[in-house]
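Let's take a friendly walk through a protein model together. Keep the picture open as you read, and look for each part as it comes up.

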Amino acid sequence: MVNIRILFVCAGGMSTGLIVKKMEKWASENGKDLVVKATGVGGYESKWQDYDCILVGPQVRFKIPEMKEKVKIPVAQIETLDYGLQNVDNMLELAYSLVESSND
């Protein structure tokens, strides 16, 4: 897996902040150099340029069409179950597949 930069977006940045901490721990334990950051839905517009993809929390999935119009990187919703369980493996798989498909 290549290193990627992931921006997590949720209502206020708090719940995805927990996911970021878990993902940073996973990266450390697995020798990966990931860049991950959480932001509230109002903050992505000034940050997206520094990332390879945006993963959106289920509670703000209604913003995805607007986000896709405003950014030039892939955007996708984190599955509700993965989000609730903080399933970092599935979120990383989603992020990598987004980035790979955008490079095709």
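## A pair of facing residues

Phe8 stands opposite Ala38 in strand S2. Strands here are DSSP runs of E with at least two residues, and helices are runs of H or I with at least four, numbered from the N terminus. The model is predicted, so local features need pLDDT of at least 70 and side-chain atom pairs count only at pLDDT 80 or more, while totals for chains, interfaces and linings use all residues. Residues are numbered from 1 along each chain as its sequence is written, and side-chain values use heavy atoms, leaving out hydrogens and water.

## The sheet

S1 and S2 (residues 35–40) run parallel and are joined by 6 bridges. Two strands count as paired if DSSP finds at least two bridges between them.

Now step back to see the open sheet: 4 strands in the order S2-S1-S3-S4, with parallel pairing. S2 and S4 (75–77) are at the edges with a single partner strand each, so one side of each has no neighbour in the sheet. H1 packs on the sheet and touches S1 and S2; its direction makes about 155° with that of S1. These angles run from 0 to 180 degrees between N-to-C directions, using lines fitted to C-alpha atoms, for helices over the stretch in contact.

How many residues of S1 are buried (under 20% relative accessible area, with a 1.4 Å probe and protein chains only)? The count is 5 of its 6 residues.

A nonpolar core is a set of buried Ala, Val, Leu, Ile, Met, Phe, Trp, Tyr and Cys residues joined through side-chain atoms within 4.5 Å. The largest one has 23 residues, and Ile6, Phe8, Met23, Leu34, Leu55 and Leu92 touch the most other members. H4 gives the largest share, 7 residues. Not counting residues up to four places away in sequence, Met23 has contacts (heavy atoms within 4.5 Å) with residues including Ile6, Phe8 and Leu92.

## A buried charge

Asp82 sits in helix H3 (residues 80–85). Asp82 is buried without a salt bridge, meaning a side-chain nitrogen of Lys or Arg within 4 Å of a carboxyl oxygen of Asp or Glu. The nearest side chain of opposite charge, Lys22, is 10 Å away.

Notes
Buried < 20%, exposed > 50% of the residue type's maximum accessible area, 1.4 Å probe, protein only. Lys, Arg positive; Asp, Glu negative; His and termini not counted.
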